[in-house]
Amino acid sequence: MARAIINGNRSKGTINRNIYGHFSEHLGRCVYDGLFVGEQSGIPNVNGMRSDAVEALKKMGIPLLRWPGGCFADTYHWRDGVGPRELRKKIVNTNWGGVTEDNSFGTHEFLELCRQLGCEPYLSGNVGSGTVQEFSDWVEYCNMGGQSPMAEERRKNGRDAPWNVKYWGIGNEAWGCGGNMRPEFYADLCRQYAAYLRNYSREHPIYKIASGANVDDYQWTKAVMESASWCIDAVSLHYYTLPRNEDWSHKGSATEFSRQEYYATLFRTLYMEELVENHSRIIRQYQGKRKVGLAVDEWGTWYDVEPGTNPGFLYQQNTMRDALVAAVNLNIFNNHCDAVVMANIAQTVNVLQAVILTEGPKMLLTPTYHVFEMYKGHQDARQVESYVETALTGEAEEYKVPNLHISASQAPDGTVLVTAANLDDAAPAPLDCTISGLGKIEAVSGRVLSGQRDACNTFDAPERVRPAAAGGIKAGEDSFSAELPPCSVAAFTVKMR
C-alpha cells in the first residue's frame with residue numbers, strides 16, 4: 001500500500017481560482033455551434049448562448065474564459081464585432097480552415113456569455129496586426145464609465161454601464177503566429193502597449209499579461225522580464241502535450257493509440273512541472289519588489305483531428321488518457337500556486353482537449369470535464385503540502401512515470417480535498433493517506449473516474465465515462481485508506497473536526 005502524507009503545517013498559499021480557467025477561440029466549432037447558436041436557433045438558448053453548454057460550465061465551476069484567441073487574436077479587430085450584426089464586416093479566418101467569419105459573436109456577445117457563466121473575461125488584444133490606439137480604444141470601450149468617445153460608442157451599441165474587464169493579454173504567441181518577433185523586440189512593444197492600457201476606475205484596475213514563452217524558451221521569459229517586468233502583472237506560457245513530440249505532422253490518434261503512446265503522453269505532460277519551476281525561477285529573479293505571476297494560458301493535449309473532419313478545426317475526441325493529463329496538470333498548478341496565477345485549457349468546446357463536445361442539438365461531457373468538476377473544490381482553497389510514495393510504471397524504459405500523482409487543499413470551512421491520479425493502466429493503487437496539522441478526521445467521502453485508457457463518451461453513449469462513488473474507504477482519526485482503480489482520477493473530501 002502506498003503512503004501519502006498531507007502536511008497541513010506547510011502551504012504555498014491560496015490556489016487561485018483562475019488556475020481552472022478555459023480558452024475559447026474563433027476556431028472550428030468552439031464559439032459558433034459550441035457556445036453561441038444565435039437567438040433564432042432551434043437549440044435552446046439565452047441571448048444566443050446555448051443553454052446546455054452554459055449550465056454544464058456553470059456546474060463545473062468555470063472561473064475565467066479567455067477570448068478571442070489564440071492565433072485568431074492577432075488578426076482580430078474588435079470594431080468588426082460590435083454594432084448591428086447585419087452591418088458587421090465579414091472576414092476570412094486565415095488561421096483556422098479558411099472559413100468565413102461573420103463577426104456575429106463579438107465583444108458584447110462574449111461579455112454576455114461571461115455574465116451568464118458568472119466567470120471573469122480575459123481578452124487577448126491584437127499586437128501582431130493591430131495598433132496601440134486600437135487596443136487602447138478597446139480597453140476604454142469596455143471599462144470607461146464616464147464620458148468619452150469609446151464610452152459613447154458602447155452606449156450607442158446598447159450597453160450603458162462599463163464591464164470593467166480586468167484581464168488583458170498583450171498579444172498572443174508573439175514568437176510565432178502573433179508576429180514572428182524576437183523577444184527583445186516584443187519586450188519593447190509590450191512596454192509601449194502597456195503604457196496605453198489604462199485604468200478607468202480605482203476600484204477596477206486592469207491586470208496585464210505579457211505574451212510569454214513557447215515551451216522551454218527561457219531566453220524569451222528572461223528578455224521580457226528584464227525589460228518589461230515593471231509594467232506587467234504576469235507572463236504567459238504555452239505547452240501542449242503530444243504523444244509524439246518529434247512529429248507535429250502526425251501527432252497520433254485521440255482514440256486509437258498503443259500502450260506505449262499512452263505512457264509517452266503522460267511522460268510528456270509531466271514536463272509541465274519542470275517548465276513551471278524554471279520559468280517561475282526566472283520571473284522571480286527579475287520581478288524586483290513587484291509580484292509577477294505565471295499564466296499558463298494554453299495547455300492540453302493535441303492529436304490528429306478526427307477522421308473526416310476539417311483539419312483546420314482541430315476537433316478531437318477525449319478519453320481517460322486526457323482525463324489523466326488534466327489531473328496531472330491541475331495537480332502541478334495547485335502545488336505551484338505561489339507562482340501559477342492562471343491556467344487556461346485549450347479549448348472549451350469542440351476543439352483540442354475540450355470539456356464539452358456538441359453535434360447539432362446534442363451535447364456530451366468529456367472525461368476531462370469530469371476532472372475539472374471533481375477538482376473545483378480546490379478553487380480559492382489553501383494549498384497544503386502533500387507527498388506520496390510512488391512506483392515507476394510504463395511500457396518502455398524511456399517513458400516510465402510515477403504511478404500516483406496528488407495534490408491537496410483546505411477550504412475555508414476546514415474541509416480537505418485530496419485529488420489523486422493512478423497513472424498505471426493495469427494495476428490498482430491501494431492508498432493510505434495520513435493528514436497532519438489540520439485536526440481530526442470526522443468523515444471521508446470520495447468519487448472516482450475510471451475506465452480503459454481509451455474509454456470515451458460518444459453521442460451514442462454519452463455517459464460511458466462518468467464519476468462514481470468511491471467504495472471501500474476506511475477512515476481513522478488521522479488517516480484514511482482507499483484503492484484507486486487502474487487508469488483513474490479520484491477526489492476525496494475529508495471533513496475535519
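Reply: Let us begin with Arg 244, which counts as partly exposed at 23% relative accessibility. Please bear in mind throughout that this is a predicted model.

Me: Which residue does the side chain of Arg 244 meet in a salt bridge?

Reply: The general idea is that side chains of opposite charge can pair when their charged atoms come close. In this structure the partner of Arg 244 is Glu 261, at 2.6 Å from N to O. The pair links distant parts of the chain, 17 residues apart: Arg 244 is in the loop between β12 (234-241) and α7, and Glu 261 is in helix α7 (residues 259-269).

Me: Is Glu 261 buried or exposed?

Reply: Glu 261 has a relative accessible area of 12% and is therefore buried, since the limit for that class is under 20%.

Me: Which residue forms a salt bridge with Asp 425?

Reply: Asp 425 pairs with Arg 259, and their closest N and O atoms are 2.8 Å apart. Here 166 residues separate the partners: Arg 259 belongs to helix α7, whereas Asp 425 sits in the loop between β21 (416-422) and β22 (429-436). Asp 425 is buried, at a relative accessible area of 13%, while Arg 259 is partly exposed, at 26%.

Me: Where in the chain are the partners Glu 477 and Arg 497?

Reply: Glu 477 is in the loop between β25 (474-475) and β26 (479-484), and Arg 497 is in the segment after β27 (488-496). Their side chains meet in a salt bridge of 3.2 Å, N to O. Arg 497 is exposed, with a relative accessible area of 53%, and Glu 477 is partly exposed, with 46%.

Me: How many salt bridges does a search of the whole structure find?

Reply: The search finds 29 salt bridges. Some share partners, and in this way Glu 39, Arg 85, Arg 88 and Glu 109 are joined into one network.

Me: Which residues gather in a patch of positive charge on the surface?

Reply: The patch is formed by Lys 12, Arg 281, Arg 284 and Lys 291. Of these, Lys 291 is located in the loop between α8 (271-286) and β13 (293-301).

Me: May we turn to the interior? Which residues have the most contacts inside the largest nonpolar core?

Reply: They are Trp 299 and Phe 333, in a core of 107 residues. The element that gives the most to this core is helix α9 (residues 320-335), with 10 residues. There is also a second, separate core of 25 residues, including Val 418, Leu 431, Leu 438 and Phe 480.

Me: Finally, how should I read the backbone? Which peptide bonds are cis?

Reply: The general idea is that most residues other than glycine have a negative phi, and most peptide bonds are trans. A cis bond joins Trp 67 and Pro 68, with omega at about 5°. Another cis bond runs from Gly 69 to Gly 70, with omega near 10°. Pro 68 is in the loop between β6 (64-67) and β7 (91-92), and Gly 70 is likewise placed in the loop between β6 and β7.

Me: What is the phi of Glu 173, and what is that of Leu 352?

Reply: Glu 173 has a positive phi of about 45°, although it is not a glycine. Leu 352, also not a glycine, has a positive phi of about 50°. Glu 173 lies in the loop between β10 (167-170) and α5, and Leu 352 in the loop between β14 (340-346) and β15 (356-359). Glu 173 is buried, at a relative accessible area of 11%, and Leu 352 counts as buried at 2%.

Methods
Residues are numbered from 1 along each chain as its sequence is written. This is a predicted model: local features need pLDDT of at least 70, side-chain atom pairs count only at pLDDT 80 or more; totals for chains, interfaces and linings use all residues. Side-chain values use heavy atoms; hydrogens and water are left out. A nonpolar core is a set of buried Ala, Val, Leu, Ile, Met, Phe, Trp, Tyr and Cys residues joined through side-chain atoms within 4.5 Å. Buried means under 20% relative accessible area, exposed over 50%, partly exposed in between (1.4 Å probe, protein chains only). Helices (H or I, at least four residues) and strands (E, at least two) are DSSP runs, numbered from the N terminus. Patches are made of residues with over 30% relative accessible area and no salt bridge: like charges are joined within 9 Å, nonpolar side chains (Val, Leu, Ile, Met, Phe, Trp, Tyr) within 5 Å. Accessible areas come from the Shrake-Rupley method with a 1.4 Å probe; for residues, only the protein chains shown count as cover. A salt bridge is a side-chain nitrogen of Lys or Arg within 4 Å of a carboxyl oxygen of Asp or Glu. Lys and Arg count as positive and Asp and Glu as negative; His and the chain ends are not counted. The place of a charge is taken as NZ of Lys, CZ of Arg, CG of Asp or CD of Glu.
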